[in-house]
Amino acid sequence: DGNTLASSSSDKRVILWDVNTGQCRQTLKGHTGRVRTVVFSPDGKTLVSGSDDQTIMLWDVNTGQCRQTLKGHSGWVRTVVFSPDGKTLASGSEDHKVILWDIYTGQRRETLSEHTGRVWSVSFTADNNKTLTSSSDDKTVKLWDVHTGQCLKTWQGYTDWAWSVSFSPDGKTLVSGS
């Protein structure tokens with residue numbers, strides 16, 4: 001809603017802040033490791049956090065309660081992102097994998113495992129729920145078909161880790177940082 005900011009921390013907490021007053025609204029506790037990443041669902045009702053404890057937690061923004069804990073990575077969870085329709089969550093980890101989760105059941109839909117290094121960033125195209133990209137310290141960016149789990153394209157040639165990826169709002173341009 002534009003009124004709440006979420007922050008993650010090395011102290012294993014997530015804090016929800018009131019943007020207008022700068023005051024803490026809620027402190028979310030439950031992770032047993034550093035919280036590396038947070039993202040709001042498209043409808044703003046759910047906050048997702050990923051941690052060094054290898055878990056992903058889904059929080060009810062209104063109550064501050066953890067609704068569900070997703071387990072499937074064998075390394076620190078570095079990045080999480082929702083599909084535009086809010087039905088799929090993608091997570092990337094130190095275990096070199098991207099996992100696609102069904103947000104309603106909490107079940108793993110697909111594991112994308114062609115990276116040979118830590119996955120730092122994932123991004124869905126904004127105009128559909130079919131395409132995902134990921135970046136890694138294997139110095140590549142990969143484009144994935146979400147429904148089949150197939151890698152559609154790999155961009156190579158980075159001289160250092162590929163830290164971040166993001167699609168333009170129209171989904172026609174992909175930007176990566178290395």
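Strands here are DSSP runs of E with at least two residues, numbered from the N terminus, and two strands pair if DSSP finds at least two bridges between them. Strand S2 (residues 13–18) runs antiparallel to S3, and 5 bridges join the two. As a reminder, strands of a sheet pair through backbone hydrogen bonds, either parallel or antiparallel.

Residues are numbered from 1 along each chain as its sequence is written, and side-chain values use heavy atoms, with hydrogens and water left out. Because the model is predicted, local features need pLDDT of at least 70 and side-chain atom pairs count only at pLDDT 80 or more, whereas totals for chains, interfaces and linings use all residues.

Looking at the chain as a whole, the protein has 0 helices (H or I runs of at least four residues) and 17 strands. Its radius of gyration, taken over C-alpha atoms, is 16 Å, close to the 16 Å that the globule rule gives for 178 residues, so the chain is as compact as a globular protein of that length. That rule is 2.2 Å times the number of residues to the power 0.38. Along the principal axes, the C-alpha atoms fill a box of roughly 45 × 35 × 30 Å. Of the 178 residues, 48% count as buried; buried means under 20% relative accessible area, exposed over 50%, and partly exposed in between (1.4 Å probe, protein chains only). The accessible surface, from the Shrake-Rupley method with a 1.4 Å probe, comes to about 8,700 Å², and 44% of it belongs to carbon and sulfur atoms. Among contacts (heavy atoms within 4.5 Å) with a separation of 6 or more, 33% are between residues 24 or more positions apart.

The structure also holds 7 salt bridges, each defined as a side-chain nitrogen of Lys or Arg within 4 Å of a carboxyl oxygen of Asp or Glu. One of them joins Asp 11 and Arg 13, with the closest N and O atoms 2.8 Å apart. Asp 11 is partly exposed at 36% relative accessibility, and Arg 13 is partly exposed at 27%.

Another salt bridge pairs Arg 36 with Asp 52 (2.6 Å, N to O). Arg 36 sits in strand S4 (residues 35–40) and Asp 52 in the loop between strand S5 (46–51) and strand S6 (55–60), so the pair ties together parts 16 residues apart in sequence. Here Arg 36 is partly exposed, at 25%, while Asp 52 is buried, at 14%. Both residues belong to a network of salt bridges that also links Arg 34.

Asp 137 and Arg 118 meet in a further salt bridge (2.5 Å, N to O). This pair links distant parts of the chain, 19 residues apart: Asp 137 lies in the loop between strand S13 (131–136) and strand S14 (141–145), and Arg 118 in the loop between strand S11 (108–112) and strand S12 (119–124). Asp 137 is buried, with a relative accessible area of 15%, whereas Arg 118 is partly exposed, at 24%.
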